[in-house]
Amino acid sequence: QNMLINTDGPSGRGELSSYSSRARQKLESLLNKNMRIRMTDGRTLVGLFLCTDRDCNVILGSAQEFLKSSDSFSQGEPRVLGLAMIPGHHVVSIEVESDSLVGTQGFGSSH
């Protein structure tokens, strides 16, 4: 199972500081973890989560790009990008590889 990052804010203003603190801790715990980011144009980038900002822009290290395939069973050869910045408004979903998270499997593993 993969963990999805929810970008919705807190439900009430009274929760803002504790929510903000928990959200920051959660993001910090994801640093240097493998992520799969699906984008609005159908491409998928996989790489190490290095950085984000308040606009949800994401920096991935050692990134690889996978093009949307007409054949759902084949992803094709990835294109190596290296360091990549994904604008937040192009992010459709983010999955975190969970090999290093307790009790779950990663998205790219063959366990």
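In this predicted model, C56 is partly exposed, with a relative accessible area of 34%, where partly exposed lies between buried (under 20%) and exposed (over 50%), for a 1.4 Å probe and protein chains only. Local features need pLDDT of at least 70, side-chain atom pairs count only at pLDDT 80 or more, and totals for chains, interfaces and linings use all residues. Residues are numbered from 1 along each chain as its sequence is written, and side-chain values use heavy atoms, with hydrogens and water left out.

C56 occupies the loop between β3 and β4 (58-66); strands are DSSP runs of E with at least two residues, numbered from the N terminus. Although C56 is not a glycine, its phi is positive, at about 65°. Most residues other than glycine have a negative phi. A positive phi, near 50°, is also assigned to S62, which is found in strand β4 and is exposed at 58% relative accessibility.

Beyond neighbours within four places in sequence, L45 is in contact (heavy atoms within 4.5 Å) with residues including M35, I37, L60, L81 and I86. T44 belongs to strand β3 (residues 44-52) and is buried at 9% relative accessibility.

Note on methods: Helices (H or I, at least four residues) and strands (E, at least two) are DSSP runs, numbered from the N terminus.
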